[in-house]
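Subject: Structure for your review

Hello,

Here is the structure we talked about, with notes on its pockets and its ligand below. Please look it over when you have time.

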Amino acid sequence: MKPTSEADPETPPAPPSAQGVFAHQLPVAEQYADLLAREATVRGLIGPREVPRLWERHLLNCAVITDLMPHGGTVCDIGSGAGLPGLTLAIRRPDLRVTLVEPLLRRTTFLDLATSTMGLTNVTVHRGRAEELHGEAVFDVVTSRAVAPMDRLTRWSMPLVAGGGLLLAMKGASAEQELESAAGSIRRLGGLDPAVVAVGEEWLSPPVTVVRVHKTDTTGQSRQSGGRPGVDR
Ligand SMILES: C[S@@+](CC[C@H](N)C(=O)[O-])C[C@H]1O[C@@H](n2cnc3c(N)ncnc32)[C@H](O)[C@@H]1O
């Protein structure tokens with residue numbers, strides 16, 4: 001067997017729960033795991049110590065949040081980095097149209113490579129900062145993981161959520177506290193019913209903790225018709 005090294009780590013095999021989470025899309029998820037373990041590690045986008053826990057801590061953790069998303073919706077993942085959670089959402093749910101927003105060229109280069117290698121036709125990679133899209137585009141769901149404290153994240157994310165849509169921020173143990181500190185911004189920006197929700201209990205222990213905020217629908221339009229869905233490069 002080839003020895004594991006930092007430059008060429010072994011891709012860990014998919015655990016049994018991955019079949020449940022990704023179902024017929026598992027081969028694509030395995031391809032993504034391989035891209036993360038090799039290309040993303042070599043490019044310094046994923047630490048080599050993350051490789052053994054790629055499935056549990058990254059792919060599965062991120063993918064299960066699609067359980068909170070409407071069928072056929074548009075999704076904007078801000079600060080995607082190496083594609084987490086954005087690419088896992090597009091893999092698990094081909095019905096979603098996912099825009100990955102990431103300012104750093106080194107990262108968007110990897111995201112372009114990963115998207116084309118996996119043949120994902122429901123992904124758009126947009127190089128830029130989330131704030132630069134305010135007034136340009138809105139989405140049914142805006143996601144993020146490890147991008148900014150909740151208050152700043154709310155200011156970056158809420159203007160991108162269509163009326164009747166959702167903000168979903170993966171926040172872990174600090175979720176309740178962060179939600180409290182962002183309560184003012186959430187209210188000011190049209191946020192409704194902010195809550196900390198657990199997702200993926202069926203597959204993950206512990207489940208994933210997500211901050212979920214609904215956006216007031218002031219237009220009377222349905223979620224699917226709110227604004228321009230997604231952006232081009
Ligand atoms: C710690 S990384 C997290 C990456 C990925 N979400 C993950 O969980 O692995 C934070 C990412 O947010 C991006 N970022 C920082 N400020 C941003 C902004 N204003 N708009 C969009 N992305 C931003 C950074 O370039 C970086 O890729």
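**Pockets and ligand**

The lining of the largest pocket consists, by class, of 12 nonpolar, seven polar and six charged residues. Please keep in mind that this is a predicted model. In all, 25 residues line the largest pocket, and those nearest its centre are Gly79, Ser80, Gly81, Glu102 and Arg107. Its volume is about 460 Å³.

The largest pocket is also the space that the ligand takes. There are 15 residues around the ligand, with Leu84, Glu102, Arg107, Glu131 and Arg145 coming nearest. This shell is made up of seven nonpolar, three polar and five charged residues.

- Leu84: a backbone N or O atom at 2.7 Å from a ligand nitrogen
- Ala130: a polar backbone atom at 2.9 Å from a ligand nitrogen
- Arg129: a side-chain N or O atom at 3.2 Å from a ligand nitrogen

The ligand taken alone exposes 590 Å², and the protein buries 80% of that area.

The second largest pocket holds about 310 Å³ of space. Its lining has 14 residues, and Arg57, Asn61, Arg145, Met170 and Gly172 lie nearest the centre. Two elements, helix H3 (54-63) and strand E7 (208-215), each give two or more residues to this lining. H3 provides the largest share, three residues. By class, the lining of the second largest pocket has five nonpolar, five polar and four charged residues.

Best regards

Note on methods
Residues are numbered from 1 along each chain as its sequence is written. This is a predicted model: local features need pLDDT of at least 70, side-chain atom pairs count only at pLDDT 80 or more; totals for chains, interfaces and linings use all residues. Side-chain values use heavy atoms; hydrogens and water are left out. A residue is near a molecule or strand if one of its heavy atoms lies within 4 Å of it. A polar contact is a pair of N or O atoms within 3.5 Å; within protein, one must be able to donate a hydrogen and the other to accept it, and residues adjacent in sequence count only if both atoms are side-chain atoms. Accessible areas come from the Shrake-Rupley method with a 1.4 Å probe; for residues, only the protein chains shown count as cover. On a 1 Å grid over the protein atoms alone, a cavity is a set of points where a 1.4 Å probe fits but cannot get out, and a pocket is an open set with protein on both sides within 12 Å along at least five of seven lines; lining residues have an atom within 4 Å of a point. A molecule sits in a cavity or pocket if more than half of its atoms lie within 2 Å of its grid points. Ala, Val, Leu, Ile, Met, Phe, Trp, Tyr, Cys and Pro count as nonpolar, Asp, Glu, Lys and Arg as charged, and the others, Gly among them, as polar. Grid points are joined across faces, edges and corners, and a volume is the space filled by probe spheres set on the points. Helices (H or I, at least four residues) and strands (E, at least two) are DSSP runs, numbered from the N terminus.
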